[in-house]
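Dear colleague,

Please find the structure below for your records. My findings follow it.

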Amino acid sequence: MKLFYYQRCDQKPNFGDELNRWLWPQLSADLLDTDESVVFLGTGTLLNDKLPGRVTTTDRLVIFGTGAGYESPLGAIPKSWDIHCVRGPLSAKQLGLPQVQAIADGGLLVAQLRSPNTQRSGCSFMPHIHHANEACEQWQQICQQANIRYIDPRWPVEEVLAAIGSSDRLLAEAMHGAIVADALRVPWIPIVTGPRIYRFKWQDWCASMNLFYHPYRLPALKSYKRWGRGLRSGQIALKHWLGAALEGPISMPQYELLDDQSAIARRLANIAKQAPTLSDDAIFSQRVEQLHSCFSQLCQQYLREPIMH
């Protein structure tokens, strides 16, 4: 079974995607190999109309904890797809799946491999990958002024995990930063700093954890590209951009108007003092156990052996 995940055209690593290479081999050392006839799809927002064309060489596509979104919705699920679970209820609804298959994002299984750090201190900020690419130096300076640690989503997975795990709270624009923070029981606060952030996938995952998605907003930095590839085509993209043009402090009329890093640093520091989010312990434990059980069944189906616990 060969691992498939989104790889950026600029070849720059992104934590949420690279997490696949770190997570699945540790959970089941023998599940993945070079056999392209069966493909495994884990974390990522990839269940859309473009996916069938991206996995044309496979006889079977095994899907676990993946999310729907971007591009246009699938017209029908191919018969060769073996869907074990998806990210949340919005993905299940869009794909016409029973809600029992809407467990949570597979990245939550980090909790099976890492225990919460008992020594945590300070607040950290982790931007979306596009914003890290476009404004890394600015965000580092802003975080320094705000006395907040900067976590780059392009760092190696182990480095990001260690940085999140040692924080007492995370300001998260990167969704898998929030997912891993929740897995490590680090309280988190969702942030939006530009109109490209895709609400659907956040709402999907938050709904799976019985949480609401209410991000704090900051104006986009001038170095951000005005229109990006975050949402690539179709009615989904049009609806998102129209919504972004009308909402909150990052509306298009205000876009690129705030260039005062000190003001943004003060705002970021103030957000860090607000009440953070963390899934309920009982819900969290239930979702991790459901994912573990589902992945065990997947391994038994394809390997006839149990998952590591």
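In what follows, contact means heavy atoms within 4.5 Å. This is a predicted model, in which local features need pLDDT of at least 70 and side-chain atom pairs count only at pLDDT 80 or more, while totals for chains, interfaces and linings use all residues. Residues are numbered from 1 along each chain as its sequence is written, and side-chain values use heavy atoms, with hydrogens and water left out.

Glutamate 18 belongs to helix H1 (helices are DSSP runs of H or I with at least four residues, strands runs of E with at least two, numbered from the N terminus). Glutamate 18 is buried at a relative accessible area of 18% (buried means under 20%, with a 1.4 Å probe and protein chains only). Leaving aside residues up to four places away in sequence, glutamate 18 touches Tyr5, Pro13 and Val157.

The axes of H1 (residues 15–27) and H5 (residues 157–165) come within 9 Å and cross at roughly 110 degrees (axes are lines fitted to C-alpha atoms, for helices over the stretch in contact, and angles run from 0 to 180 degrees between N-to-C directions). H1 is therefore roughly perpendicular to H5 (65 to 115 degrees). Phe15, Glu18, Leu19 and Trp22 of H1 meet Val157, Glu158, Val160 and Leu161 of H5.

An open sheet of five strands runs in the order E7-E6-E8-E9-E10, with parallel pairing (two strands pair if DSSP finds at least two bridges between them). E7 (149–150) and E10 (216–217) stand at its edges with a single partner strand each, so one side of each lacks a neighbour in the sheet.

Kind regards

Terms used
Angles under 35 degrees count as roughly parallel, over 145 as roughly antiparallel, 65 to 115 as roughly perpendicular and the rest as oblique. Buried means under 20% relative accessible area, exposed over 50%, partly exposed in between (1.4 Å probe, protein chains only).
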